[in-house]
Amino acid sequence: MKNNFQVSQNGKLKHLLSTDGLSREIIIEIFDMAESFLKISSRDVKKVPLLRGKTVCNLFFENSTRTRTTFEIAAKRLSADVINLDVPTSSQSKGESILDTVNNLIAMGADIFVIRHGTPRIPELIAQNVGNDVHIINGGDGNHAHPTQGLLDTFTIRRFKKDFSELKVAIVGDIKHSRVARSEICALSTLGVPEIRIIGPENLMPDDLDHLNLIHFNNLNRGLKNVDVIMMLRLQKERMDDGDIPSEEEYFKQYGLKREHLKIAHPDAIIMHPGPINRGIEIESEVADSKQSVILSQVTYGIAIRMAVMTMLVSKKV
Ligand code: CP
């Protein structure tokens, strides 16, 4: 189901819950704004006053390194105040509902919430229950969506590859449990990528993406032939069933990206991974650290994308 209510009737971004249903115009506006924030992020003084007086609240019910930290850095570069609620020591442990927690933080003046939760569509539920001046960003919900990751990944592809209309993109690994893959696939489709391949063991293939024009491969060598972008995924062990893979060793043997695979892809192919990386399971260290890897650029660009998203949410565009 598309999250169309994340955009108001006049086309303004109100919440960011999913890349599914997000128009090409909004995605390109986010990318173009992120380009300007990249310039700001390379200055000595990295701050701008666009969110001065606003409060951003990070509510992470699942662990995070990149998403939580880059949202905090992004908010601070925009001059917002930032609250990182420490969920394990919060009053959640006394039985407070997430909606009550959010409403109490709104009473303290929070304007933007970044919410990560293990249950799909919790950010959407919160967005349906807050006032017009409060904005919800999905920081990853179960296997459903991770829209800022999908946007920063496609922004990274644009920076290295320019023209989406000529690309072959391969997404490799645990597609079934990956919110990142779902958000990337929706964004890549909207941006006009003609060939999106998903590669992995049959047990880890999705059963909810048949409406999209994806090409399935169970063989890594065949799937990588001539691709321009190789997007590796983490095995989402926290969402997997016993027996989904025979063993990590066997998985690496069949689906781990190794030096030899780079000869099969296009010679200029870029290698991506949303992190955290499990070296020796999803990807060989030598490949993760190779010249073709743009994994750390993804992290850097994530700050600019998150600055752009938060700026668009609070903008007064009518
Ligand atoms: N890519 C990503 O979401 O990383 P974290 O879990 O560290 O935020």
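Let's start with D32, which is partly exposed because its relative accessible area is 44%. Keep in mind that this is a predicted model. The chain is assigned two domains: domain 1 (4-145 + 299-314) and domain 2 (147-294).

**D32 and its partner**
- D32 forms a salt bridge with R158, and their closest N and O atoms are 3.0 Å apart.
- R158 sits in helix 5 (residues 147-161) and D32 in helix 1, so this pair ties together parts that are 126 residues apart in sequence.
- With a relative accessible area of 17%, R158 is buried.

**Where the two domains meet**
- The centres of domain 1 and domain 2, taken over C-alpha atoms, are 25 Å apart.
- On the domain 1 side, 35 residues are in contact with 26 residues of domain 2.
- Together the domains bury about 2500 Å² between them, and 62% of this is on carbon and sulfur atoms.
- Five salt bridges are found across the interface of domain 1 and domain 2.
- Nine residue pairs are in polar contact across this interface.
- Several elements give two or more residues to the side of domain 1 that touches domain 2, among them helix 2 (66-77), strand 3 (112-117) and helix 10 (295-314).
- Helix 1 provides the largest share of that side, with nine residues.
- The residues on that side of domain 1 divide into 15 nonpolar, 11 polar and nine charged.

**Other salt bridges to find**
- The structure as a whole holds 15 salt bridges.
- E248 pairs with K237 in a salt bridge, with the closest N and O atoms 2.8 Å apart.
- E248 lies in helix 8 (residues 248-255), while K237 is in the loop between strand 8 (229-232) and helix 8, so the pair ties together parts 11 residues apart in sequence.
- Both partners are partly exposed: E248 has a relative accessible area of 28%, and K237 has 45%.
- R239 and E238 also form a salt bridge, at 3.6 Å between the closest N and O atoms.
- R239 counts as buried at 17% relative accessibility, whereas E238 is partly exposed at 47%.
- A network of salt bridges links E62, R179, R234, E238 and R239.

**A buried serine**
- S18 is found in the segment before helix 1, and it counts as buried at 4% relative accessibility.
- A polar atom of the S18 side chain lies 2.8 Å from the backbone nitrogen of D20.

Notes. Residues numbered from 1 in each chain as written. Predicted model: local features only at pLDDT ≥ 70, side-chain atom pairs only at ≥ 80, totals over all residues. Heavy atoms only, no water. Domains from an automatic or database assignment. Contact = heavy atoms within 4.5 Å. Buried area = accessible area lost by both parts, 1.4 Å probe. Salt bridge = Lys/Arg side-chain N within 4 Å of Asp/Glu carboxyl O. Polar contact = N/O pair within 3.5 Å; in protein donor to acceptor, adjacent residues only side chain to side chain. Helix = DSSP H or I, 4+ residues; strand = E, 2+ residues; numbered from the N terminus. Nonpolar A, V, L, I, M, F, W, Y, C, P; charged D, E, K, R; others polar. Buried < 20%, exposed > 50% of the residue type's maximum accessible area, 1.4 Å probe, protein only.
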